Amino acid sequence: METKKIKVEDIIALKGIRKLTMLTAYDYPLASLIDQSGVDMILVGDSLANVVLGLDSTTEVGMSEMLHHAKAVTRGVKRAFVIGDMPYESYQVNPQESAVNARRFIKEAACDAVKLEWFDSCLEATRAIIESGIPTMGHIGLTPQTAAKSGGFKVRGKDAEAASRLIEEAVALQEAGCFSIVLECVPDKISEIITGKLKIPVIGIGAGVGCDGQVLVTYDLLGLYPRHTPKFVKKYTDLTARIQEALAKYKQEVESGIFPDAAHSFTIKQEELDKIKLT
Ligand code: KIV
């Protein structure tokens, strides 16, 4: 496997050559494992709010939580391209503040790029971040930070008008200078149109096989987030069951005196033991 650090030019150049892979990570051990697996991009997603912090909405995490976890992720990564997800209200206030917050992901957390979700005047923030030299990924379709206020957690682009709007948004993000976009919960035929229209890679989540690449929340594919599983998630393993099994075994072995055994204990020479004067 290629061990050289992946750059933004590599991601763009892979469009049409082979499918790109992206997964989320929020901590050092999973980031290292994902990196070693050869996945191209790691997103420190604001899904952190739900899958790690047990919150109800991604709008409940801010810059400090995102940077804290992004730093842990980049410590574990040698190869993959790492993208920090801009949290709610870190890029909606004004373009200058957006660029300052984006820079923190690069300077303080050693990320390679940032991602931001579409909202009505997001292009100004997107341009300000890109003009300050930071590779930026857009995100259209279902955008969880604003979904509750704009139609709920449903598939987007289901009629001609909504699909045309999505196509326009994708083109606008490319023209603003994004190196890639995420397309979330969109009918597969619309994803194919967008993927065919753009020069930059389109990474799908619940957007069918026609995209240039795919992203999933890692806890979902590992079966480690039982609260909610969207239709588009494929569980590649069931870590919940495996962890439950291990925890039950630990409890049973401690209670019955099987653990710790000699292999997991330390010894002292008898002569040293004999010198101890017990009062
Ligand atoms: O925060 C996240 O995990 C995301 C992915 C679902 C793309 O934005």
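Helix 2 is followed by G38, whose phi is positive, near 95 degrees. Helices here are DSSP runs of H or I with at least four residues, strands are runs of E with at least two, and both are numbered from the N terminus. The model is predicted, so to speak of local features we need pLDDT of at least 70, and side-chain atom pairs count only at pLDDT 80 or more, whereas totals for chains, interfaces and linings use all residues. Residues are numbered from 1 along each chain as its sequence is written, and side-chain values use heavy atoms, with hydrogens and water left out.

At the start of helix 2, a side-chain oxygen of D27 comes to within 3.1 Å of the backbone nitrogen of L30. Within this helix, residues 28-37, the buried residues include L30, A31 and I34; buried means under 20% relative accessible area, with a 1.4 Å probe and protein chains only. The buried residues of helix 2 pack against strand 1, strand 2, helix 4 and helix 10, where contact means heavy atoms within 4.5 Å.

I turn now to strand 5. Because 6 of the 6 residues of this strand, 136-141, are buried, strand 5 is largely enclosed by the rest of the structure. T136, G138 and I140 cover one side, and M137, H139 and G141 the other.

Which strands pair with strand 5? Strand 4 does so in the parallel sense over 4 bridges, and strand 6 runs parallel to strand 5, joined by 5 bridges; pairing requires at least two DSSP bridges. M137 stands opposite K115, and its bridge partner in strand 6 is S180.

Terms used:
Buried < 20%, exposed > 50% of the residue type's maximum accessible area, 1.4 Å probe, protein only. Polar contact = N/O pair within 3.5 Å; in protein donor to acceptor, adjacent residues only side chain to side chain.
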